[in-house]
Amino acid sequence: MGSEHVEMRKGPAPAQETPGRTPGQPGVGSRGSNACCFCWCCCCSCSCLTVRNQEDQRPTRASHELRTDFPICEESSTPTLEEVSAWAQSFDTLMLTPAGRNAFREFLRTEFSEENMLFWMACEELKKEANKSIIEEKAKIIYEDYISILSPKEVSLDSRVREGINRNMGQPSQHIFDDAQLQIYTLMHRDSYPRFMNSAIYKDLLQSLSEKSAEA
């Protein structure tokens, strides 16, 4: 009876789990199903994005077309020697032309502060809008991208300006970020612009144009 009792209590052996795998964890081979790669080059950009996961096939939100992402540089003709020399006269002159902004953006990237220029450009685009719903959508995106403390591209603003934006986000106008834009413009003028004028980026461009002018 003792041996029969023991045999009756024996159940099927538990299924053995593969070491290093947790239940429900996909195998290594399935990682490619959600692969994503991006490549960027010089003044043009190309991206390759492969998403096969059914979860990522849901419709994108309407604001997709209103993102504040800008090309790595604005379309512009090659600046002249006179134009580049004029950038040294004032920050306003530098910021007036796409070529000036492109050169300055390139410098800001080396200092990891390009978000200041991107925010300024986004504010300029917002001011051109007249449609209320688009203004609200763009204002929300600019807030998420550059004002929110959770954003990796958050710009540096004082508490007074930040509180003013927060108060007006319920009914934003195209000028909601004017104070913040001015503050960032002043920051770039006082802090980054003097270093840009002494940078290799500016000096090399100026020298290159000077040599071409001498050869002509």
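Leaving aside its neighbours within four places in sequence, with which residues is Ser148 in contact? Ser148 is in contact with Tyr143 and Glu154, where contact means heavy atoms within 4.5 Å. The residue is placed in the loop between α6 (132-147) and α7 (159-168); helices (H or I, at least four residues) and strands (E, at least two) are DSSP runs, numbered from the N terminus. Ser148 is buried, with a relative accessible area of 15%. The term buried denotes under 20% relative accessible area, exposed over 50%, and partly exposed in between (1.4 Å probe, protein chains only).

The structure is a predicted model, in which local features need pLDDT of at least 70 and side-chain atom pairs count only at pLDDT 80 or more, while totals for chains, interfaces and linings use all residues. Residues are numbered from 1 along each chain as its sequence is written, and side-chain values use heavy atoms, with hydrogens and water left out.

**Confidence**

pLDDT is the predictor's confidence in each residue, from 0 to 100. The chain averages a pLDDT of 78, and 68% of the residues score at least 70. Among the elements of the chain, α8 has the highest mean pLDDT (98) and strand β1 (residues 36-41) the lowest (35). Over residues 1-65 pLDDT stays under 50, and for this stretch the model has 38 contacts beyond four places in sequence. Where pLDDT is low, the predicted coordinates should not be read in detail.

**Aromatic pairs**

Rings of Phe, Tyr and Trp (its six-membered ring) pair if their centres lie within 6.5 Å; planes under 30 degrees apart count as stacked, over 60 as edge-to-face and the rest as tilted. By this rule the count comes to 11 aromatic pairs. Two of them are tabulated here.

| Pair | Centre to centre | Angle between planes | Class |
|---|---|---|---|
| Trp87 and Tyr202 | 6.4 Å | 40° | tilted |
| Phe91 and Tyr185 | 4.9 Å | 55° | tilted |

Trp87 lies in the loop between α2 (81-86) and α3 (91-96) and Tyr202 in helix α9 (residues 200-215), so this pair ties together parts that are 115 residues apart in sequence. Trp87 is buried at a relative accessible area of 1%, and Tyr202 is buried at 5%.

Phe91 counts as buried at 1% relative accessibility, and Tyr185 counts as buried at 17%.
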